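Trainee: I would like to learn how to read a model like this one, feature by feature. Please start with the charged side chains.

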Amino acid sequence: MYNRRKFIQTTALSAAAVALSKACTSKNSGVNKPIVIATWDFGVAANTDAWKILSKNGNALDAVENGVKVAEADVKNQTVGYGGRPDRDGIVTLDASIMDHNGNCGAVMALQNIKHPISVARLVMEKTPHVILAGDGALQFALEQGFKAENLLTDLSKKEWEEWLKTAKYNPVSNIENQSYQQAAPEKLPGNQYNHDTIGMLALDAHGNLAGACTTSGMAYKLHGRVGDSPVIGAGLYIDNEIGGATSTGVGEEVVRNVGSFLVVELMRQGYSPEEACKEAVMRIIKKKKNSTKVLQVGFLALNKNGEYGAYAIQKGFTFAVCDNQKQDLIVKGKSHY
């Protein structure tokens, strides 16, 4: 017999099911997609190209590759790709990584003479059993794939390097270039307004899938062969399609030591908001290097599965660009510790 107690239980279960259904519907409908975010003011131009793909229901991987290629090809941008500042030997070497929603990833390190390392990184991901190719091997692979070799050292970057050589010491001291910047021009610290050294981009497409890309010419006047965090999966870039993605900028050595982008994503998995996760990652770096972090910059940028974003940096001056259905070409100033 269908008694009163059973009726109450059934009614309660039905009500709970309706409530759960509404909650799920509300959560899903509240997802901000598509969306693309990128480090620095030059992220605006990069986002514009990425948005051309995302706004037509294109996939996030195509969007981030095409987006960061804008920065790689911009001769006025001396921290990424063509026109990038050289190392201490006057050689332009490029690093890049890319990652898709399935966890596939590819990277190149210390690549010379190829304007678009991000596209080479994607082919490493798609056409080889490897994750990373470096140096001459990366160049050989790029040429085999039809990329054109060209001189990436522009007259402007060469002239600045020659001026730097007049007073510089070829000395592998950590962040030696930063000592004068901290007092005279802190905005020129690596990862700040005039020395960005990276473009990192994260995108969530209309299908709910994430992808990321990171590309750089590295620190100006680095030791030849130096590689930072940008091409290191888990350091300069990390994507987990269940949770979100993160990328970084600044002094890559500190990001590598802390597996920074992976840490940010794992913190989001624990319930941190994107900004909170970025802040916690920064604070861990500061805790380990209390003195040196006063004269260097590291910044993180994160995007979660709901299309929420956030950033945090050690020093002031970190900006990022946002593009979605509500905001076009928005520049946001990231929060900082100091």
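Mentor: Side chains of opposite charge can pair when their charged atoms come close. In this predicted model, Arg257 and Glu254 are three residues apart in helix H8 (residues 252-258), which means about one helical turn separates them. Their side chains form a salt bridge with an N to O distance of 2.5 Å. The term requires a side-chain nitrogen of Lys or Arg within 4 Å of a carboxyl oxygen of Asp or Glu. Helices (H or I, at least four residues) and strands (E, at least two) are DSSP runs, numbered from the N terminus.

Trainee: Is Glu254 buried or exposed?

Mentor: Buried means under 20% relative accessible area, exposed over 50%, and partly exposed in between, with a 1.4 Å probe and protein chains only. Glu254 has 4% relative accessibility and is buried, whereas Arg257 is exposed at 51%.

Trainee: What network do salt bridges with shared partners form?

Mentor: One network joins Asp62, Glu65, Arg122 and Glu126. Within helix H4, Glu126 and Arg122 are four residues apart, again about one helical turn, and their salt bridge has an N to O distance of 2.9 Å. Arg122 is buried at 13%; Glu126 is partly exposed at 44%. The count for the model is 16 salt bridges.

Trainee: Which salt bridge links distant parts of the chain?

Mentor: Arg85 and Glu160 do so, with 3.2 Å from N to O. Arg85 lies in the loop between helix H3 (60-73) and E2, while Glu160 belongs to helix H6 (residues 155-167), 75 residues away. Arg85 is buried at 15% relative accessibility, and Glu160 is partly exposed at 26%.

Trainee: How many disulfides are there?

Mentor: A disulfide is a pair of cysteine sulfur atoms within 2.5 Å, and the count here is zero. Cys278, at 0% relative accessibility, is buried; Cys105 is buried too, at 14%.

Trainee: Now the strands. In what order do the eight strands of the open sheet come?

Mentor: Two strands pair if DSSP finds at least two bridges between them. The order is E4-E3-E2-E6-E5-E1-E11-E12, with mixed pairing. Strand E4 (132-134) and strand E12 (330-333) are the edges, each pairing on one side only.

Trainee: What surrounds strand E5?

Mentor: In a regular strand the side chains alternate between the two faces of the sheet. In E5 both faces are covered: Ile199, Met201 and Ala203 are buried on one side, and Gly200, Leu202 and Leu204 on the other. Six of the six residues of E5 (residues 199-204) are buried, so the rest of the structure largely encloses this strand. Strand E1 (residues 35-39) runs antiparallel to E5 and is joined to it by four bridges; Ile35 has Leu204 as its bridge partner. Strand E6 (residues 210-216) is also antiparallel to E5, over six bridges. E5 and E6 make a hairpin with five residues between them, and Gly208 in the turn has a positive phi of about 85°.

Trainee: What forms the other sheet?

Mentor: Five strands form an open sheet in the order E7-E8-E9-E10-E13, with mixed pairing. Strand E7 (237-240) and strand E13 (335-336) each have a single partner strand, so one side of each lacks a neighbour in the sheet.

Trainee: How should I treat the numbering and the values?

Mentor: Residues are numbered from 1 along each chain as its sequence is written. Local features need pLDDT of at least 70 and side-chain atom pairs count only at pLDDT 80 or more, while totals for chains, interfaces and linings use all residues; side-chain values use heavy atoms, leaving out hydrogens and water.
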